[in-house]
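Here is a short briefing to read with the model open beside you. Take it topic by topic, and keep the viewer handy.

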Amino acid sequence: MARDLSPIGKQSRREGYALAPKAQKVMAKKTGIPGQHADMRVRGGSLYLTQLREKQKVRRIYGLLEKQFAKLMREASRAEGMTGENLLNYLERRADNVVYRAGFASTRRAARQLVSHGHFTLNGRRIDIPSIRVKPGDVLEVRAKSKKNSYFTNLNDVNSEKTSLSWMKSDIKNMKIEIIGQPKREEAEVGINEQLIVEYYSR
């Protein structure tokens with residue numbers, strides 16, 4: 001399975017956006033675009049560059065490769081409603097993102113690993129595909145065997161600052177996540193301008 005394993009700190013500096021908590025520390029120490037000739041590349045500039053950087057930022061926030069992101073964008077454009085909001089809805093409902101947002105992992109990369117290693121079940125069936133999209137009524141739960149893992153026994157220390165979301169119920173004590181609705185636009189990651197992404201793919 002293909003993955004982007006480039007350092008999250010460098011990715012964050014390139015996008016000017018902290019893609020993970022630890023990236024904030026990196027960006028505080030090192031400013032500007034990474035690379036030997038970073039001073040020759042200036043953020044901003046043309047509208048195309050602004051659209052490209054927004055697309056790259058969102059793609060990296062949710063941990064998708066280019067082909068995966070483009071495929072999701074095509075699906076969002078065919079669905080009813082606003083394309084940009086459809087895209088964010090699909091991204092938020094990915095199993096790895098749900099695990100992260102529910103407080104079972106401190107980063108999306110860690111959540112992706114938990115799902116791909118088969119530590120969760122969806123409606124009672126073991127899953128290992130991070131891109132599976134949940135829907136209202138679904139229940140994600142830590143496998144009985146995995147509950148004995150030291151990671152899950154110390155789960156309260158992983159992400160004590162998780163944000164409560166209207167579309168899911170997170171039960172850390174019983175290691176369960178219930179999907180009770182659809183993600184609201186305002187509950188997606190802050191600082192995203194999805195319209196720029198729609199314009200990028202509409203060229």
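Let's begin at helix α9, residues 194-201, whose buried residues are Glu-194, Leu-196, Ile-197, Val-198 and Tyr-200. Buried here means under 20% relative accessible area, exposed means over 50%, and partly exposed is in between, with a 1.4 Å probe and protein chains only. Helices (H or I, at least four residues) and strands (E, at least two) are DSSP runs numbered from the N terminus.

Please keep in mind that this is a predicted model, in which local features need pLDDT of at least 70 and side-chain atom pairs count only at pLDDT 80 or more, while totals for chains, interfaces and linings use all residues. Residues are numbered from 1 along each chain as its sequence is written, and side-chain values use heavy atoms, with hydrogens and water left out.

**Helix α9 and its neighbours**

- The buried residues of α9 pack against α3 (47-62), α4 (66-78) and α5 (83-92), where contact means heavy atoms within 4.5 Å.
- Ile-197 is found in α9, and it counts as buried because its relative accessible area is 0%.
- Leaving aside residues up to four places away in sequence, Ile-197 touches Glu-54, Lys-55, Val-58, Phe-69, Met-73 and Leu-87.
- The C-alpha atoms of Ile-197 and Gln-51 are separated by 5.9 Å, although the two residues are 146 apart along the chain.

**Strand β5 and its partners**

- Strand β5 (residues 176-179) has a covered face with Ile-177 and Ile-179, and an uncovered face with Lys-176 and Glu-178.
- Strand β3 (residues 139-142) pairs with β5 in the antiparallel sense over three bridges; two strands pair if DSSP finds at least two bridges between them.
- Within that pairing, Glu-178 of β5 is the bridge partner of Val-139.
- Strand β4 (residues 168-171) also runs antiparallel to β5, joined to it by four bridges, and Ser-170 stands opposite Ile-177.
- β4 and β5 form a hairpin with four residues between them, and Met-175 in the turn has a positive phi of about 55°.

**Rings and charges over rings**

- The structure holds six aromatic pairs. Rings of Phe, Tyr and Trp (its six-membered ring) pair if their centres lie within 6.5 Å; planes under 30 degrees apart count as stacked, over 60 as edge-to-face and the rest as tilted.
- Phe-69 and Tyr-201 form a tilted pair because their ring planes are at 35°, with the centres 6.3 Å apart. This pair links distant parts of the chain, with Phe-69 in helix α4 and Tyr-201 in helix α9, 132 residues apart.
- Phe-69 counts as buried at 0% relative accessibility, whereas Tyr-201 counts as partly exposed at 27%.
- A cluster linked by ring pairs takes in Tyr-48, Phe-69, Tyr-200 and Tyr-201.
- Arg-108 lies over the face of Tyr-62, at 4.6 Å from the ring centre, and the charged end of Arg-133 sits over the ring of Tyr-90, 4.1 Å from its centre. A charge sits over a ring if NZ of Lys or CZ of Arg is within 6 Å of the ring centre and within 35 degrees of the ring normal.

**Salt bridges**

- The structure holds ten salt bridges, each a side-chain nitrogen of Lys or Arg within 4 Å of a carboxyl oxygen of Asp or Glu.
- Glu-92 and Arg-101 form one, with the closest N and O atoms 3.0 Å apart, and both residues are buried.
- Arg-94 and Asp-96 meet in another (3.0 Å, N to O); both are buried.
- Arg-185 and Glu-194 form a salt bridge too (2.9 Å, N to O). Arg-185 is partly exposed at 26% relative accessible area, while Glu-194 is buried at 14%.

**Nonpolar cores**

- Which residues touch the most other members of the largest nonpolar core? Of its 25 residues, they are Val-98, Phe-104, Phe-120, Leu-140, Met-168 and Ile-177.
- At least two residues of this core come from each of α6 (95-101), α7 (108-116), β1 (120-122), β3 and β5; α6 gives the most, with four.
- Another core, of 16 residues, lies apart from it and includes Ile-61, Tyr-62, Met-73 and Ala-76.
- A nonpolar core is a set of buried Ala, Val, Leu, Ile, Met, Phe, Trp, Tyr and Cys residues joined through side-chain atoms within 4.5 Å.
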